[in-house]
Amino acid sequence: MGEEHHIIPVWFFVGVLLLIYGVLILATGIYEFSEPPTTVLGNLRPAIWWGALLIIIGGVYVYHFMPRKS
Amino acid sequence: MVTSPPLAPGPLGLLLATEAGGEIISLRTVDLAIIAIYFVMVLGIGFYLKRYTKSGEDFFLAGREMTAWVAGLSFLSANLGALELMGWAAASYQYGILATHWYWVGAIPAMLFLGIVMMPFYYISKTHSVPGYLQLRYGESTRALSAVSFAFMTVLMSGINMYAMALVMKVVLGWNIHFSIWVSSLTVAIYVAMGGLFSAIFNEVLQFFLIWLGALLIPILGLIEAGGWSGLVARIQQNFPQGDYTHAWRTLGGFADNPMGIHWTGIVLGLGWVISFGYWTTDFLVVQRVIAAKDLRAAKMAPIIASYFKMAVPFIVILPGLLGLALLPFTLVPESAVGPGQHSYNEVLPLMLARYCGPGLLGLGITALIAGFMSGMAGNVSAFATVWTYDLYRPFVRKNATDSHYVSMGRWCTILGVLVSIGTAYLVMQFKSIMDYVQALFSFFVAPLFGTVLLGMLWKRATPAGGFWGLLAGTASSIGMWALVKADPTKLAWIALSPHAKDMAENMYRALWSWIICVVVTVVVSLLTRPKPVEELNGLVYGCTELPSEGHLPLWKRPIFWAGISAVAFLILQVIFW
């Protein structure tokens with residue numbers, strides 16, 4: 001998309017948002033080691049692996065669709 | 001709107017009644033930061049895209065340069081709003097897996113039909129809207145009828161959904177209702193007025209990811225807790241031994257055999273054929289996203305790509321409702337029966353979210369809901385701006401203005417549309433019964449419009465007079481049937497052909513009858529009036545249009561190949577959950 005307008009692809013914006021969210025959620029998950037969550041199955045540490053997943057997806061999108069000077 | 005009024009009248013109506021009880025979720029700083037970042041991001045995208053939105057083609061059709069994936073995800077997201085998610089999770093708690101019909105038979109065949117059969121005509125005719133196609137095919141009167149009804153209903157529905165969403169935020173989070181309405185709607189007004197359809201589509205793609213990643217944890221953790229699908233089924237049977245909540249077709253043999261009070265003919269013909277095809281193939285709100293594709297192949301592939309994701313949506317919408325049946329330590333009740341300390345069906349999704357998601361994840365889930373609402377509203381106002389500017393203002397008010405004038409009109413129209421929506425939201429706050437009427441009004445137009453567009457595309461003998469009178473007769477008959485049942489609810493037995501039919505069945509059968517009336521009137525009037533010359537139908541009608549061949553493409557690049565796989569997957573799902 002954006003062949004005519006040379007717009008930054010929407011996938012880049014998706015990547016940035018997921019990357020930021022991933023870092024925040026992962027950090028929250030790490031903090032929860034000192035203050036364990038009270039949610040059901042909180043012992044599985046969903047914030048840790050979900051935050052990591054968001055970082056991976058976001059990182060891949062940011063890297064792949066980052067605007068580069070030709 | 002959250003955008004499938006014809007598909008979700010029941011749960012939406014239920015949601016709108018949600019006012020009892022205290023807040024379900026309390027947010028922490030990290031959750032609020034996640035929500036704030038989302039607002040900054042969508043406004044930033046709007047500012048960024050403004051510089052690329054100069055011509056009418058840019059503002060109203062996103063430059064017609066969307067790839068199949070972007071158009072497809074946007075097409076799906078325009079429908080996948082917050083109330084849709086919460087409403088159908090509630091419906092699945094109430095009706096069980098029957099609710100999946102709105103995602104499978106009520107969507108997949110229509111989406112594939114749009115991609116393979118109808119998209120070539122929308123795209124080759126270079127129309128900018130569905131009313132625009134009707135003008136090319138039938139003339140100004142049919143366009144005017146369709147455009148006025150669409151524009152009017154779109155902003156009203158947008159206001160109703162705005163109010164409903166603010167109410168949900170109040171119930172779930174304890175937020176001030178005025179704060180929710182003004183902050184979210186002004187944000188939408190700013191980014192759509194700046195970037196037009198570009199902005200709307202970009203944010204719909206963002207929303208797609210947020211919804212999936214925000215909601216996916218619930219079914220994953222829920223299935224772990226329940227012990228997989230078999231454990232889920234066993235727990236539901238243990239908790240609710242009187243009902244069958246896990247079979248999609250087995251209980252549809254009679255009106256009295258299932259909690260929806262509907263027969264399989266209503267699901268297949270009313271929902272699967274008329275309502276679903278009407279919504280997915282003629283509602284400009286969703287079709288606009290596909291018209292914005294960069295070429296015909298992308299336009300055909302977009303709804304086909306969307307069909308795969310649509311098929312999977314029950315995993316994040318229906319499954320949480322079923323998990324609620326299996327795992328919640330208390331029973332949810334209908335809205336009208338909620339007492340102190342009790343929760344209604346409509347709260348099942350927030351309850352499940354709060355059950356599994358701690359700080360951070362909770363913010364992501366709530367952001368998904370807000371994003372769903374905002375992108376649905378953006379879809380509404382961008383479609384409204386296009387139809388108003390191109391189908392009403394240009395032909396009937398100011399014919400020969402410059403392109404920049406129409407872009408300016410589109411921007412102002414976007415702001416005006418949001419303000420009218422806000423006004424509607426406040427009106428609904430005072431007079432709640434308006435909601436029922438407006439939702440019903442919207443459904444009046446969908447089924448007959450499908451008959452008009454379908455005959456226009458596939459039958460070259462259909463005439464301008466036939467199209468206009470068929471659409472008018474179908475719409476009028478739908479209104480008549482609705483008024484009849486409203487005045488005397490026992491008449492529902494006439495419309496649905498059974499004394500055991502319930503409200504949900506009425507929508508299905510009313511749609512079916514109004515479609516049939518539209519088609520019959522269109523055919524009869526067309527046969528009595530003079531058809532358009534064949535040369536005027538080029539690019540508009542099957543048999544008069546040379547469709548580009550795809551024979552030179554390898555099999556895996558042909559839309560029909562992917563549509564076939566989608567159809568097979570759809571059939572397999574029906575067998576598995578029969």
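Me: Anything to know before we start?
Reply: The model is predicted: local features need pLDDT of at least 70, side-chain atom pairs count only at pLDDT 80 or more, and totals for chains, interfaces and linings use all residues. Residues are numbered from 1 along each chain as its sequence is written, with chains lettered from A and ligands numbered from 1 in the order in which they are written.

Me: OK, how many helices and strands in chain B?
Reply: Chain B has 23 helices and 0 strands, counted as DSSP runs (H or I, at least four residues; E, at least two) numbered from the N terminus.

Me: And how much of chain B is buried?
Reply: 61% of its 578 residues, where buried means 20 or more other C-beta atoms, placed from the backbone, within 10 Å of the residue's own.

Me: Switching to the contact: how many residues does each chain put in?
Reply: Chain B puts in 29 and chain A 26, with contact meaning C-beta atoms, placed from the backbone, within 7 Å.

Me: Which helix of chain B gives the most there?
Reply: H2(B), with 6 residues.

Me: What does H2(B) pack on, and at what angle?
Reply: Helix H2 (residues 29-50) of chain B packs with helix H1 (residues 10-31) of chain A at about 170°, axes 11 Å apart. That makes the two roughly antiparallel (angles over 145 degrees).

Me: Which residues meet?
Reply: Among them, A:Phe13, A:Leu17 and A:Ile20 on the H1(A) side, and B:Val30, B:Ala33 and B:Ile34 on the H2(B) side.

Technical notes:
A residue is buried if 20 or more other C-beta atoms lie within 10 Å of its own, exposed if 12 or fewer, and partly exposed in between; C-beta atoms are placed from the backbone. Axes are lines fitted to C-alpha atoms, for helices over the stretch in contact, and angles run from 0 to 180 degrees between N-to-C directions. Angles under 35 degrees count as roughly parallel, over 145 as roughly antiparallel, 65 to 115 as roughly perpendicular and the rest as oblique. Two residues are in contact if their C-beta atoms, placed from the backbone, lie within 7 Å.
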